[in-house]
Amino acid sequence: MTAHTSLSTIEQEQRAYLEALEAEMQLFFDEQGELMAEVSAETLPILDAIKKLSTGGKRLRALLAYWGFRGAGGQADDPTIVKAGLAIELFQSAALIHDDIIDASDTRRGAPSVHRQFEAMHRQQGFKTSPEAYGVSGAILTGDMCLSWSEMAFSSIPQAGAHSEARHIFNMMRTEVMAGQYLDIVGEAVQVESPQVALERALNVIRYKAAKYTCEQPLALGGALGLGAAHGEPSPLIDHYRTFALPLGEGFQMRDDELGVFGEPEVTGKPAGDDLREGKRTVLTAYTAMLANSADHDFLESSLGNQQLTLTDIARLQELIRVSGALDAVEQLIEEKSQQALGALATLQVSEHVRTALEVIAAKALKRSA
């Protein structure tokens with residue numbers, strides 16, 4: 001590694017970008033807060049909820065967009081990629097808010113989920129009607145506001161006009177996520193199906209609900225902005241970005257699903273085994289269903305989605321997942337995705353500076369424990 005590709009230089013550049021992104025986000029929230037206050041001070045809890053959720057986090061999507069932009073010739077101090085990062089992060093917040101409603105999640109990043117925040121406010125204010133219904137309604141509108149603001153931020157980018165490749169990618173990303181989310185709830189709703197069908201759907205959910213919008217599309221979006229590409233123009237660099245980022249995103253989500261079962265609450269920000277209580281049908285649970293004996297399979301099926309699971313039940317399910325061989329199978333898949341991603345990265349036509357930055361991001365995404 002040369003001085004030009006030193007980790008300290010990369011960290012400094014990333015820090016500068018993230019500081020610019022935080023400043024842009026705060027300015028955006030201030031402007032929207034003024035507008036909402038003109039409507040009514042009673043609407044400000046929506047803004048507060050979005051600010052809390054959008055503050056901090058790993059910023060993985062924004063960072064991938066940034067390095068995609070830089071790899072395509074974009075300048076480090078260009079405000080274009082800052083606005084793109086804001087749009088991506090607002091879309092991420094919208095997806096999290098709606099996902100928590102769908103999964104009836106109580107927490108997000110160690111704090112109450114948005115619908116639980118509105119539910120608690122209802123009780124504190126002594127409102128009439130149902131606290132639960134009020135919480136869900138408030139969170140749906142908050143998520144919708146995030147979607148609206150995400151579009152507003154992206155539309156402010158001059159290079160992202162109607163006929164640009166960046167606009168096409170941004171639109172496609174949003175459609176894919178919503179379609180993938182629907183596949184996810186289908187998987188939780190069907191009563192009887194073969195483990196193989198469940199596995200195929202879980203892999204599809206990972207690809208469209210998570211991997212594409214977590215890694216592939218942000219990197220491609222940054223590249224499209226850096227190139228100033230029009231939609232339909234051949235772009236070997238963006239194609240190569242996708243070859244690297246899709247398996248990276250798939251491996252990242254599989255690791256995330258493992259953490260949803262085995263992660264520690266102080267690390268994940270959620271109760272132990274929360275994904276099991278929520279009934280999430282993942283590649284991990286699909287492999288468990290395929291590999292478990294009849295009695296263990298029945299226990300798995302009766303447990304997924306049971307909100308009353310005890311810590312003893314969770315521990316039994318964790319052991320079942322290990323003993324069945326499902327955990328090893330998913331680890332093997334993660335390793336395969338890792339090799340695919342790193343192999344593509346090794347031949348990516350970008351500077352060593354950008355390649356090293358992407359290597360660091362990939363290592364954290366695939367090997368993380370949080």
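User: Which way do α6 and α7 run in this fold, parallel or antiparallel to each other?

Analyst: α6 and α7 are roughly antiparallel to each other (angles over 145 degrees count as roughly antiparallel, under 35 as roughly parallel and 65 to 115 as roughly perpendicular). Their axes cross at roughly 165 degrees and come within 11 Å; α6 covers residues 131-155 and α7 residues 165-189. Axes are lines fitted to C-alpha atoms over the stretch in contact, with angles from 0 to 180 degrees between N-to-C directions, and helices are DSSP runs (H or I) of at least four residues, numbered from the N terminus. Please note that this is a predicted model, where local features need pLDDT of at least 70 and side-chain atom pairs count only at pLDDT 80 or more, while totals for chains, interfaces and linings use all residues. Residues are numbered from 1 along each chain as its sequence is written, and side-chain values use heavy atoms, without hydrogens and water.

User: Which residues in α6 and α7 meet?

Analyst: On the α6 side they are L147, S150, E151, F154 and S155, and they meet A166, R167, F170, R174 and M178 in α7 (contact means heavy atoms within 4.5 Å). By class, this contact has five nonpolar, two polar and three charged residues (Ala, Val, Leu, Ile, Met, Phe, Trp, Tyr, Cys and Pro are nonpolar, Asp, Glu, Lys and Arg charged, the others polar, Gly among them).

User: At what angle do α2 and α4 cross?

Analyst: Helix α2 (residues 44-54) and helix α4 (residues 79-103) cross at roughly 105 degrees, and their axes come within 10 Å. That makes α2 roughly perpendicular to α4. I50, L53 and S54 of α2 touch L90, S93, L96 and I97 of α4, a contact with five nonpolar, two polar and no charged residues.

User: How far apart are the axes of α9 and α16?

Analyst: They lie 8 Å apart, with helix α9 (residues 236-262) and helix α16 (residues 352-367) packing at about 30 degrees. So α9 and α16 are roughly parallel to each other. F244, L248, G251, F252 and R255 of α9 contact L358, A362, A365 and L366 of α16; seven of these residues are nonpolar, one polar and one charged.

User: How many cavities of 30 Å³ or more are there?

Analyst: Rolling a probe the size of a water molecule over the atoms shows where empty space is left. Here the count is one cavity of 30 Å³ or more (on a 1 Å grid over the protein atoms alone, points where a 1.4 Å probe fits but cannot get out; lining residues have an atom within 4 Å of a point). The largest cavity holds about 50 Å³. Its lining divides into four nonpolar, one polar and five charged residues, including D184, E188 and R281. Both α7 and α8 (195-227) supply at least two residues each to that lining.

Technical notes: On a 1 Å grid over the protein atoms alone, a cavity is a set of points where a 1.4 Å probe fits but cannot get out, and a pocket is an open set with protein on both sides within 12 Å along at least five of seven lines; lining residues have an atom within 4 Å of a point. Grid points are joined across faces, edges and corners, and a volume is the space filled by probe spheres set on the points.
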